[in-house]
Amino acid sequence: MSVVSLMATNALNLFHWPARGCCFCISKPKATGMATVTVHLRDAKESRSRQQQTQKISVTAWPKRTPSITGSRRHSSACHLCSPGSVKAVEPCQVVFTSDPHKNYLPVQFQSPSKAETQRGDLSVISVNGTDFTIQSAGVLLLLVDACSVPFRLTERKVFSLGDISRMEGYLRTGIPPRSIVLLSTRGEIKHLNISDSLVPLGLAKPAHLYNKGSTIFVGFSGNFKPSWAKLFTSPAGQGLGLLEQFIPLQLEEYGCRRASAVRRRDLEMLKQTSKAH
C-alpha cells in the first residue's frame with residue numbers, strides 16, 4: 001500500500017468521517033521527500049459539502065531524519081478519488097496532523113541517556129533538522145536557532161561544563177538574541193542547576209525545582225511572545241529522558257518575523273480541476 005493511501009485513511013479514521021465520498025490531493029515536495037495529503041470530504045447521502053464544518057483534513061508525513069519539513073513551493077501534485085474500503089490500515093509511518101500543511105516546522109530530537117547509559121558511553125544529542133549536536137562530558141549543551149529562517153539557521157552553540165554552570169544564568173538573561181529558539185539539554189547529574197528563574201522569560205510558566213535531576217531538557221523562545229510549544233522536561237536522579245521529539249513552527253508573525261510571501265496552493269488548484277472533470 002502506498003504511503004499516501006495510508007495517510008488519507010489515517011485522516012478519515014482520526015476524525016471519524018464516514019467516507020462515502022472524498023477526494024484527496026497529494027503534494028510531494030521534490031527536495032524533501034515529504035508528502036502532504038489534503039482530504040476534502042463530501043457526504044453523498046446529503047449531497048452537499050461538509051466544508052462548513054471541516055474545510056479540510058491535512059496529514060503530513062516524512063521519513064525520519066528528513067532534510068526538511070516544510071510546505072515547499074517546488075512540489076508536484078495529483079488528485080485522486082477514493083471510496084469506502086479502497087484503502088486498508090497498515091503499520092503507520094511518521095505522521096503529523098495539521099490544519100495548515102504549508103506552515104514550516106522545525107523537527108527537533110533530544111537523546112537523553114540515563115546514568116548507566118552515560119557510563120556505557122552513550123552520547124547526549126540534540127538533533128536539529130537532521131543535524132546532530134552532541135555533548136560527551138557532564139554539563140549543558142545550549143543551541144540557539146533563528147525562528148525566522150527556513151529550513152533552519154543555527155546562530156549559537158555553547159557547551160557549559162560543570163565549572164561554568166554558574167555563568168549560564170547570566171547568559172540566558174542577557175546573551176540570547178530576540179527571535180531565537182532555545183534548545184537546552186544537560187548531561188550527567190548536575191546538583192545545582194540555578195537557571196530556573198532565567199527560563200521564565202524564555203517561555204517557562206513558572207520557576208521549577210531543578211536540583212538533583214537526572215536530566216533536564218528545555219525548549220523555549222526569546223521574544224515578546226510565549227509559545228505553547230515551550231516546555232521543560234526533567235527526570236529523577238540517575239534516570240534519562242530517552243528520546244524526545246518536538247516540531248516547532250517557524251516564521252510566525254507572533255515571533256516578530258517579516259510576513260512570508262503567500263504560497264501557491266497547487267493542491268487546491270488540482271482539486272478544482274479534478275472536480276470540474278468529474
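## Strand pairing

Two strands count as paired if DSSP finds at least two bridges between them. Strands (E, at least two residues) and helices (H or I, at least four residues) are DSSP runs, numbered from the N terminus. In this predicted model, strand S7 (residues 105–112) and strand S8 (residues 124–128) run antiparallel and are joined by 4 bridges. Valine 108 has valine 128 in S8 as its bridge partner.

S7 and S8 belong to an open sheet of 4 strands, in the order S9-S8-S7-S17, with antiparallel pairing. Strand S9 (131–135) and strand S17 (242–249) are the edge strands, each pairing on one side only. From one strand to the next the twist averages 15°, with axes taken as lines fitted to C-alpha atoms and angles running from 0 to 180 degrees between N-to-C directions.

## Basis of the values

The model is predicted: local features need pLDDT of at least 70, side-chain atom pairs count only at pLDDT 80 or more, and totals for chains, interfaces and linings use all residues. Residues are numbered from 1 along each chain as its sequence is written, and side-chain values use heavy atoms, with hydrogens and water left out.

## The chain overall

The protein chain has 5 helices and 17 strands. Of its 278 residues, 46% count as buried (under 20% relative accessible area; exposed is over 50%, partly exposed in between; 1.4 Å probe, protein chains only). The accessible surface is about 14300 Å², and 49% of that area belongs to carbon and sulfur atoms; areas come from the Shrake-Rupley method with a 1.4 Å probe.

Contact means heavy atoms within 4.5 Å. Among contacts between residues at least 6 apart in sequence, 64% join residues at least 24 apart.

## Helix H3

Ile165, Met168, Tyr171 and Leu172 are the buried residues of helix H3 (residues 165–174). Seen down the helix axis, these residues fall within an arc of 100°, so they line one face of H3; the arc is that of the directions from the axis to the C-beta atoms. On the other side, Ser166, Arg167 and Thr174 are exposed.

The buried residues of H3 pack against strands S10 (139–146), S11 (154–161), S12 (180–187) and S13 (190–192), and against helix H4 (196–199).

## The disulfide

A search of the whole structure finds 1 disulfide, defined as a pair of cysteine sulfur atoms within 2.5 Å. Cysteine 148 is joined to cysteine 257, with S to S at 1.9 Å. Cysteine 148 lies in the loop between S10 and S11, and cysteine 257 in the loop between S17 and helix H5 (266–277); the pair links distant parts of the chain, 109 residues apart.

The link is left-handed, with -85° about the S-S bond. Both cysteine 148 and cysteine 257 are buried.
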